[in-house]
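These are my notebook entries on one protein chain. I looked up its disulfides, its strands and its nonpolar cores, in that order.

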Amino acid sequence: QLQLVESGGGLVQPGGSLRLSCATSGFSLNYYNIGWFRQAPGKEREGVSCISSSNASTYYADSVKGRFTISRDNANNTVTLQMNSLKPEDTAVYYCTAVLRVVLSSIQTMCLQRRGHYWGQGTQVTVSS
């Protein structure tokens, strides 16, 4: 059974850092593009960062560029989102999602059009003093 499980969320002060992890099982990560999305109360889900199956390409939303870094370890079936210089507006539930690269090869499209196939349950990130 294909599963994605996010962890690493929590409460952090503005300017702080968090490291989110997405542990996957039931499928080979090598064939999937992976994205991190977030949804704040009353807002649409937003594509934060996406990474290609080969680890060759990454995409970041303008709102997080220069502060967040996405990475993946296909051998260990994990995808990580390092979040630095956090701001209150980063507060949201963060989800990881997987899409087969043969179905959707463009990670920019994946993030901008908020397209995911398999989803995790989400992890809450709260940035507040």
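**Entry 1: the cysteines**

I looked up C96 and found that it counts as buried because its relative accessibility is 0%; buried means under 20% relative accessible area, exposed over 50%, and partly exposed in between, with a 1.4 Å probe and protein chains only. I note that this is a predicted model, in which local features need pLDDT of at least 70 and side-chain atom pairs count only at pLDDT 80 or more, while totals for chains, interfaces and linings use all residues. Residues are numbered from 1 along each chain as its sequence is written, and side-chain values use heavy atoms, with hydrogens and water left out.

Which cysteine is joined to C96 by a disulfide? I found C22, with an S to S distance of 2.0 Å. A disulfide here is a pair of cysteine sulfur atoms within 2.5 Å. In general, a disulfide is a covalent bond between the sulfur atoms of two cysteines. The torsion about the S-S bond of C22 and C96 is about 60 degrees, so this disulfide is right-handed. C22 belongs to strand β3 and C96 to strand β9 (residues 92-100), so the pair ties together parts that are 74 residues apart in sequence. Helices (H or I, at least four residues) and strands (E, at least two) are DSSP runs, numbered from the N terminus. C22 also counts as buried, because its relative accessibility is 0%.

How many disulfides does the rule give? The count comes to two. I found the other between C50 and C111, whose sulfur atoms are 2.2 Å apart. This link is also right-handed, with 105 degrees about the S-S bond. C50 lies in strand β5 (residues 46-51) and C111 in helix α1 (residues 107-112), so the pair ties together parts that are 61 residues apart in sequence. Both C50 and C111 are buried. With bonded cysteines counted along the chain, I recorded the pattern as 1-3, 2-4.

**Entry 2: strand pairs**

I began with strand β1 (residues 3-7), where L4 and E6 make up the covered face and Q3, V5 and S7 the uncovered one. In a regular strand, side chains alternate between the two faces of the sheet. β1 runs antiparallel to β3 (residues 18-25), and five bridges join them; two strands pair if DSSP finds at least two bridges between them. E6 has C22 as its bridge partner in β3, and C22 is the cysteine joined to C96.

I then turned to β5. Is this strand largely enclosed or largely open? It is largely enclosed by the rest of the structure, because five of its six residues are buried. β4 and β5 run antiparallel and are joined by five bridges; I34 stands opposite I51 in β5. The two strands form a hairpin with six residues between them, and G42 in the turn has a positive phi of about 80 degrees.

β5 also pairs with strand β6 (residues 58-60), in the antiparallel sense, over three bridges. Here I51 stands opposite T58. This hairpin too has six residues between its strands, and N55 in the turn has a positive phi of about 70 degrees.

**Entry 3: the nonpolar cores**

I looked up the nonpolar cores, each a set of buried Ala, Val, Leu, Ile, Met, Phe, Trp, Tyr and Cys residues joined through side-chain atoms within 4.5 Å. In soluble globular proteins, nonpolar side chains tend to be buried together. The largest core has 28 residues, and W36, F68, V79, L81, M83 and Y94 have the most contacts inside it. At least two residues come from each of β3, β4 (32-39), β5, β7 (68-73), β8 (78-83), β9 and β11 (123-127). β9 supplies the largest share, four residues. Another core, of eight residues, lies apart from it and includes F37, Y59, L104 and I107.

V79 counts as buried because its relative accessibility is 0%. Leaving aside neighbours within four places in sequence, its contacts (heavy atoms within 4.5 Å) include C22, I34, W36 and I51. V79 and W36 are 43 residues apart in sequence, yet their C-alpha atoms are 9.1 Å apart in space.

**Entry 4: a loop residue**

Last, I looked up D90, in the loop between β8 and β9. D90 is buried because its relative accessible area is 0%. Not counting residues up to four places away in sequence, D90 touches R38, R67, F68, S85, V125 and V127.
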